[in-house]
Amino acid sequence: MIEDNSLGLEFKYLIVNDMDRKFGLWVNTVGYQSIPPDSPYPLKEHPSGYFFNAEKGRVLREYQLVYITKGSGYFSSQSCKSQKINAGTMILLFPGEWHSYYPDRETGWDEYWVGFRGIHIDKRVEKKFFTKEEPLHRIGLSATIVGLYEDILKFASEEKSGYQQMISSIVLHILGSVYYKEKNNSFTNTYVVD
C-alpha cells in the first residue's frame with residue numbers, strides 16, 4: 001500500500017492467485033487521490049502499466065471504476081467523445097479501450113478507483129448492463145459508495161485470508177448501486193462527502 005497523506009494519495013496494487021480467479025471476479029488495484037488545483041495529473045507514483053499521459057491517453061488490460069467525488073474535469077474514450085464531468089460521476093473504463101481523463105486545472109478533483117477483471121463483469125457487459133458507448137454514470141455523490149471504496153482500501157491493506165473474495169464482492173455491490181441509481185435517477189443522498 002502506498003500512502004502519502006501530504007499528497008492525498010493512497011493506493012494498492014494486488015497480487016492475484018488462481019483461487020482468486022476461480023471466484024469469477026478479482027481486484028488488481030484500488031486507490032484514492034486528491035489532485036489540488038494547478039497540479040500535474042496523473043501523479044507520477046503509479047506503476048508503468050497504469051501511468052499515462054492525459055494528452056495521449058492509455059489502454060488498460062482490466063476494467064476500472066473511477067468515482068469523482070470533488071471537482072470537475074474531462075473524459076474521452078475510443079467510443080465516447082470528449083465530455084465534461086463533475087463530482088458525482090462514475091467512469092467505467094473497459095479493457096482494450098483507449099481513454100483519457102483529467103481534472104480541470106482550476107478545480108482539481110478527488111477520485112477513487114478500483115481495477116478488476118473476471119467473468120462476472122464480462123457477462124454484465126455482454127448482456128449490455130454496461131457499455132463502452134456509455135461509460136459515464138452521473139449518479140451524484142453517495143456516502144455509501146465512498147464507504148464501499150474505503151472498505152476495499154481497508155481490506156486490501158490488511159490482506160487477510162479471503163480478502164480478494166470480499167473486495168470482489170464489494171465491487172459487484174458498487175456496480176449494482178451504479179446501475180440502480182442510474183435507472184432510478186436516485187440522486188437523493190444528501191449526505192455531504194468530505
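## Salt bridges, strand pairing and a pocket

D18 and R21 join their side chains in a salt bridge, 3.7 Å from N to O. A salt bridge here is a side-chain nitrogen of Lys or Arg within 4 Å of a carboxyl oxygen of Asp or Glu. This is a predicted model, in which local features need pLDDT of at least 70 and side-chain atom pairs count only at pLDDT 80 or more, while totals for chains, interfaces and linings use all residues. Residues are numbered from 1 along each chain as its sequence is written, and side-chain values use heavy atoms, with hydrogens and water left out.

The structure holds 3 salt bridges, listed here.

| Pair | N to O distance |
|---|---|
| D18 and R21 | 3.7 Å |
| K84 and D104 | 2.5 Å |
| K123 and E126 | 3.9 Å |

D18 and R21 lie 3 residues apart in helix α1 (residues 18-22), so about one helical turn separates them. Helices (H or I, at least four residues) and strands (E, at least two) are DSSP runs, numbered from the N terminus. D18 is exposed at 56% relative accessible area, and R21 is partly exposed at 39%. Buried means under 20% relative accessible area, exposed over 50%, and partly exposed in between (1.4 Å probe, protein chains only).

K123 and E126 are likewise 3 residues apart, in helix α2 (residues 119-126), and so are separated by about one helical turn. K123 is partly exposed at 41%.

The closest N and O atoms of K84 and D104 are 2.5 Å apart. This pair links distant parts of the chain, with K84 in strand β5 and D104 in the loop between β7 (99-103) and β8, 20 residues apart. K84 is partly exposed at 36% relative accessible area, whereas D104 is buried at 9%.

Strand β8 (residues 109-117) has 8 of its 9 residues buried, so the rest of the structure largely encloses it. Two strands pair if DSSP finds at least two bridges between them. I35, found in strand β3, is buried with a relative accessible area of 2%.

G73 stands opposite I85 in β5, and the two strands form a hairpin with 2 residues between them.

Helix α4 has 21 residues and reaches 30 Å from first to last C-alpha, close to the 30 Å expected at 1.5 Å a residue; the expected span is 1.5 Å times one less than the number of residues. Its buried residues include Y163, I167, I174 and K181. Just after α4, N185 takes a positive phi of about 45°.

The largest share of the lining of the second largest pocket, 3 residues, comes from α4. Among the lining residues are F129, H137, Y179, E182 and K183.

How values were computed. 1 Å grid on protein atoms, 1.4 Å probe; cavity = no way out; pocket = protein on both sides within 12 Å on 5 of 7 lines; lining within 4 Å.
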